[in-house]
Structures are given as C-alpha cells and as structure tokens.
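Visitor: Please take me through this model and its terms. I want each label set against its cut-off.

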Amino acid sequence: MASMNWNSNSTISFTFVNAALCLLLVLHFTTTCEATLSSKFYDKTCPNAISTIRSSIRSAISRERRMAASLIRLHFHDCFVKGCDASILLDDSSTFTSEKNALPNRNSARGYELIEDAKAKVEKICPGVVSCADVLAVAAREASLAVSGPSWTVKLGRRDSTRAYPDVANTDLPGFTENLDRLISRFGGKGLSARDMVALSGAHTIGQAQCFTFRNRIYSNTSDINASFARSRRSRCPAAVTQGSSNLAPLELVTPNSFDNNYFKNLIQKKGLLQSDQVLFSGGSTDSIVSEYSKNSARFRADFAAAMVRMGDIEPLTGSAGQIRRVCSAVS
C-alpha cells in the first residue's frame, strides 16, 4: 500500500474542512429536529397545557355557541397569512399595523379575547412555554368538538411571529365573491388540494355572515340561487347598501349551531349563502366532492379533520425562529 504524504498545510486544510462539515451536519440535524411539530411537544415542559386550553375554550363556547365558528375561522385566517404563527392576534404597535384591521378581518374576525384568556391560564402553570400559535391551533380543535364536530391530532411546537402582515392578509385570504378557479388557486398556493378546500369550506355549516357579504347574491335573481331562499334572506338584509350591512344570517339554515353535512345538502339545492360557497357546486370540478359529502357525513368529517391538520402545517415558525409571546396581542 502506498503511503500518504500530507504536508502541514494539507493537514490544516483537511482539519478545517472536516470541522466545517461536522458543524454543517450538526446544524442540519438540529434544524431538522427543531422544525418537526409533534403532538407530544409539551408533554414534559407543560403536560397540562392541552387540558387547560380545552377547559377555557369549552367554557367560553358554552356561553356563546357561535364562538366555535369564530375560533375555527380565526385559526384559518392566521394560517393563510405567512403561516400559523399567531400574527393575527397582534395589536397595532409602533413598528407594524395589526392584521385585525385588514379588510377580511375588520369588524369580522372574532375570538381574540378567548385565545388571550386561554393563554393567560396556561401562562400561570407554564410561563413562557406554550406559544399563542399553538393555543389557537388547539382552540380550533376544541371548538369543533364543542359543536359535535370531528377531532384531530393537533401538532404542536409552533412559535409566534414578531410582526403582523396586514398587506398579506388583504391579498392572500379568500374573498366571499371569488370564483372556483381562484379559490382552488389560493388553496393550492398554501399546499392544500381542491378536496381540502371543499372540506374546509364545510366549516360554514356553523356560524353566521354579515349582510354585506351576501347582499348582491340574494338580490341578483340569477339561476345559481334558490328563489325562495333568496327572498327569505332579504328580510334581514335590505337592498340599500346604507342599511343593515352588519345584520347577521346563519350560513346554514337547518342546523346552524351543529357541525354536520347540511351545508353541502344546501349547496345542491342552490342555497349557499355566500357566492364563494355556491361556486363549489355550480357545474365545476368540485361538484362531485360536494355531492359525496352531502351523502356521506363520515367522509366529510374525516376529510375536514385531515385538512385541518394539513392547514396547521402551513409555514410554522419553529426552533429559534420567532418567539413565545407572554401576551398574545403584543410582541414580548
């Protein structure tokens, strides 16, 4: 075997390169480990976190059942804007403007105080451990369960953003008048399929909408809305834009406070309240999914749960990114 003649410079170079490679490997595996969300993330650091959040949220929804829909929507509006990082919970500061005043959220998004309350209770038992983003993710699951909806395993380990993104909220959140192709594109941009989109839209089986979001639809006299349904909705939503714009109507008339598949049955009857609801069943590519869910509640519930898990995976801050806020409305 030939001998290897290493001079001193070669030895130094090899040692340096070897050390650099080792450092890169350590950094790679550390980052990979830290970036993994896990349902067991707080098992050792705050074992009572989930039960504390559950108790707080269930108590709040027992006082106002509509809050279930509001919390699920709040989680959705958080995740669709730069990922599930609790940026939607931040108030205005000297360095950024809150997402709460972005058009899709202004005088519409609700439940901030419920998340703040749940977070405060967790802070009492585990200060500085559990993120607001994770509190919101767990709250959405508990909200579903509180109105007889499905459960899912919530992955944990998200961290909180240090700023808000109102401009992104204005551009990335789906609008209530958007067509099917646009909706599919929006969800696809977040890594969610058309089937995920239809399943998540099924959250509109609970909750209410303000008159201004469906006024044009119920006065349009078009073929994609049931005429008697439109007339019945007009009683609380005047045609004049200066009247009753904030008046509420249930998104699903049959069982508006229970999580079921009646939303999809309504779409087949052309009784979707929002234009963005009815386009899911309007001769397009998602008709078959709506039809399936209208006949198979178990499939809808399973797909909704799976889609909520996938939505919760959108661009989380992990490891050393972001922070753990002590108060959800302000950067720590």
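**Pocket, cavity, helix, loop**

Guide: By class, 25 nonpolar, 13 polar and six charged residues make up the lining of the largest pocket. Nonpolar means Ala, Val, Leu, Ile, Met, Phe, Trp, Tyr, Cys and Pro; charged means Asp, Glu, Lys and Arg; the others, Gly among them, are polar. This is a predicted model, where local features need pLDDT of at least 70, side-chain atom pairs count only at pLDDT 80 or more, and totals for chains, interfaces and linings use all residues. Residues are numbered from 1 along each chain as its sequence is written, and side-chain values use heavy atoms, with hydrogens and water left out.

Visitor: What makes a pocket a pocket, and a cavity a cavity?

Guide: On a 1 Å grid over the protein atoms alone, a pocket is an open set of points with protein on both sides within 12 Å along at least five of seven lines; in a cavity a 1.4 Å probe fits but cannot get out; lining residues have an atom within 4 Å of a point. The largest pocket holds about 1000 Å³ of space. Its lining counts 44 residues, with R73, H77, P174, H204 and L274 nearest the centre. Helix α3 gives the largest share of that lining, seven residues.

Visitor: How many cavities of 30 Å³ or more are there?

Guide: One. The largest cavity has a volume of about 50 Å³. Among its lining residues are H75, W152, R158 and M308. The largest share, three residues, comes from α14.

Visitor: Why is V81 called buried?

Guide: Buried means under 20% relative accessible area, exposed over 50%, partly exposed in between (1.4 Å probe, protein chains only). V81 has 0%, so V81 is buried. V81 sits in the loop between α3 and α4. Beyond neighbours within four places in sequence, V81 is in contact (heavy atoms within 4.5 Å) with S87, E99, Y165, V168, A169 and L173. V81 and E315 are 234 residues apart in sequence, yet 9.4 Å apart in space, C-alpha to C-alpha.

Visitor: Which residues of helix α7 are buried?

Guide: L180, L183, R186 and F187. Seen down the axis of α7, they fall within an arc of 125°, so they line one face of the helix. The arc is taken from the directions from the helix axis to the C-beta atoms. On the other side, D181 and G189 are exposed. The buried residues pack against α3, α6, α8 and α12.

Visitor: What follows α7?

Guide: G191, with a positive phi near 80°.

Note on methods: Helix = DSSP H or I, 4+ residues; strand = E, 2+ residues; numbered from the N terminus. Points joined across faces, edges and corners; volume = space filled by probe spheres on them.
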